[in-house]
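Please keep the model open beside the text as you read.

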Amino acid sequence: MIGKAKKKIHHKLLIQIGILLTLICSLSVFVNIYAIYGGSVKMYLQAKNDMISADLERIKKPFDYDDKRVISWLFKEWERLGDKISDPVDVDEKADEEINKKLFASSDESIFSSFKKVRYPRLERLTDKEKERVAKMIYYSTMLDFAYSNKEYNYDSLYCIDIGKASQGFTFFSFKFDDLEGDDYIFYDESKLEEYKEEYKLGKMSDYTISDHPAIETILAQEEPEIVYETVEGSGEKDKHYIGYITVAKTDDMCVTVCISYNWSEFASSLSGNLRIMAVLSLGGSFVSSALVLFSIYTFAIKPLRKVKHGVQTYMKNKDKDEVVRSMSEIRTQNEFGILANDISQLAVEIDRYTNENVQLATEKERVSAELDLAARIQSGSLPKEFPEMENYDLYAYIKPAKEVGGDFYDFFFIDEDHLGMVIADVSGKGIPAALFMMMTKILLKNYIMANLPPAQALYCANNKICENNPNNMFVTAWLGIIDLKTGHVVASNAGHEYPILRTGDGKYDIMKDKHGFVLGGIEDKKYDEYEFDLEKNGAIFLYTDGVAEATNTKDELFGTSRIVDALNNAPDASPKEILDMVNKEVDKFVGDAAQFDDLTMLCIKNK
């Protein structure tokens with residue numbers, strides 16, 4: 001069952017990869033087809049544009065008159081004559097000779113051979129009847145010219161229309177070349193000529209509105225005639241046309257344009273058929289390619305991956321690195337999976353070595369932890385835990401190290417029945433070195449006080465003793481005081497420690513800025529000052545280390561001495577234990593989730 005499950009999982013992976021590859025290939029095919037279609041259409045349009053440009057330039061040639069006013073006059077005459085333009089022109093050599101004399105200076109020139117050279121002022125010499133004759137003759141000449149020159153062109157229809165403001169869509173001539181079969185032109189077949197006149201007669205108004213033909217707006221705005229193209233949707237499904245325009249005559253109220261129209265639907269149908277064939281071939285190729293890719297993936301990826309997975313599972317089960325190395329050596333592919341198999345072999349060896357080292361480190365860590373725990377118990381045991389019951393005084397102290405062991409300490413001891421020594425100190429650094437330094441300093445200060453030295457002298461002697469052998473340049477701040485239990489008189493000295501906070505009588509707690517001496521262990525033979533004060537009835541003194549004032553919250557704000565004073569004054573009549581508990585809670589509340597980075601020590605004595 002397990003083997004079948006594994007096989008199913010790998011086949012599922014193969015199916016997932018196959019689906020993904022098929023989707024990617026299909027998407028790629030569609031993108032390519034779309035790109036090819038867009039490129040084909042663009043190339044086709046460019047070719048059409050080049051062909052239409054050449055056609056329009058040829059079609060425009062009959063209208064290239066030396067005097068542009070003549071072609072404008074001609075179009076206006078055609079538009080004025082309307083259906084009369086189709087009336088037969090009688091053969092009248094004498095009339096033609098008279099017209100030639102008025103229009104040309106040379107007798108060799110005639111209407112059909114040299115009309116393009118006519119200057120507009122010469123036209124004014126003609127009578128109305130002569131002008132009509134000239135207009136009809138040039139019209140038939142132009143129509144025959146178009147019929148002959150465009151016989152072999154492959155466009156659907158040719159128009160010459162006026163799209164000026166006054167007569168937008170006015171037709172001058174319009175050919176649909178489906179009507180021309182072989183050499184049988186409409187101009188030679190009288191029956192077709194009558195039919196042609198009726199359907200495409202001069203003056204027919206075509207629907208050439210700007211909304212349906214945006215190219216008109218471009219044409220009307222041109223300074224010089226340029227070819228303009230547009231695609232126009234017809235009324236039927238296959239009536240889409242691609243049209244090219246060129247202006248041949250333009251005045252304030254007239255814009256005569258020659259248009260060539262091509263059936264777009266035939267091209268689109270042919271192009272779509274080719275694209276369908278391309279799509280079928282591309283999709284078929286994508287499926288074949290996907291199958292080949294899947295086979296390659298199975299051979300060069302999934303099979304080695306199964307062996308890799310089996311080797312990893314074996315190692316997870318029995319932690320036998322030799323079995324993993326043997327199993328991975330069977331994968332001989334030179335691709336990434338072969339490299340992966342080699343890396344797994346090395347990883348198994350490294351994990352085995354690392355595990356052995358971790359076992360040794362764990363053993364060593366347990367030993368160090370046990371020693372630290374012993375050191376913490378020794379340090380804690382060195383600090384007084386039993387607070388003396390005194391008739392007129394109440395005393396309490398509290399310490400919370402930042403690590404297992406710390407450098408802060410407090411101490412109190414009876415010098416005699418009437419005098420009590422009190423010490424609070426803070427050693428630089430943390431951990432075991434600070435704890436050892438703290439033990440030495442505690443012993444020195446207590447010994448010198450018990451030898452009946454005053455506080456300043458005790459600090460002096462302790463400083464010199466520490467300076468004798470201090471290779472690591474460690475130091476300690478300390479406040480040392482002796483209280484006369486009968487009178488409440490206190491003699492104290494400060495070696496760079498925090499200011500004490502004093503309550504006098506029934507008043508409030510306030511900082512007592514005493515004289516600071518230099519830290520212990522800094523400079524040898526350093527003198528220290530003493531000062532004295534009285535601890536009145538209901539008075540108290542609160543001593544602390546910088547771990548209280550410099551407790552920091554998550555916003556890097558310090559608790560500060562002002563908050564200590566405020567906490568003390570919240571309950572000035574409280575007992576020392578209540579005071580220390582209250583300050584500790586305020587510090588914890590302020591610090592929140594921030595880690596404790598320094599030892600926190602407090603001592604308070606109150607005159608009841």
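Let us begin with D599, which sits in the loop between helix 16 (576–591) and strand 15 (600–607). Helices (H or I, at least four residues) and strands (E, at least two) are DSSP runs, numbered from the N terminus. The model is predicted, so local features need pLDDT of at least 70 and side-chain atom pairs count only at pLDDT 80 or more, while totals for chains, interfaces and linings use all residues. Residues are numbered from 1 along each chain as its sequence is written, and side-chain values use heavy atoms, with hydrogens and water left out.

Is D599 buried or exposed? D599 is buried, at 1% relative accessibility; buried means under 20% relative accessible area, exposed over 50%, and partly exposed in between (1.4 Å probe, protein chains only). A polar atom of the D599 side chain lies 3.4 Å from the backbone nitrogen of D408.

**Salt bridges**

Side chains of opposite charge can pair when their charged atoms come close. In the whole structure, 12 salt bridges are found, each a side-chain nitrogen of Lys or Arg within 4 Å of a carboxyl oxygen of Asp or Glu. Three of them are listed here.

| Pair | N to O distance |
|---|---|
| D96 and R133 | 2.7 Å |
| K465 and E468 | 3.8 Å |
| K577 and D581 | 3.1 Å |

D96 and R133 form a salt bridge that links distant parts of the chain, D96 in helix 3 and R133 in helix 6 (residues 128–149), 37 residues apart. R133 is buried, with a relative accessible area of 15%.

K465 and E468 are separated by about one helical turn because they are 3 residues apart in helix 13. K465 is partly exposed at 41%, whereas E468 is exposed at 56%. In helix 16, K577 and D581 are 4 residues apart, about one turn of the helix. K577 is partly exposed at 40%, and D581 is partly exposed at 31%.

**Two asparagines with positive phi**

Most residues other than glycine have a negative phi. N452, which is not a glycine, has a positive phi of about 65°. N452 is found in the loop between helix 12 (431–450) and helix 13 (455–468) and is exposed, at 62% relative accessible area. N473 has a positive phi of about 55°; N473 lies in the loop between helix 13 and strand 9 (476–484) and is exposed at 63%.

How values were computed
Polar contact = N/O pair within 3.5 Å; in protein donor to acceptor, adjacent residues only side chain to side chain.
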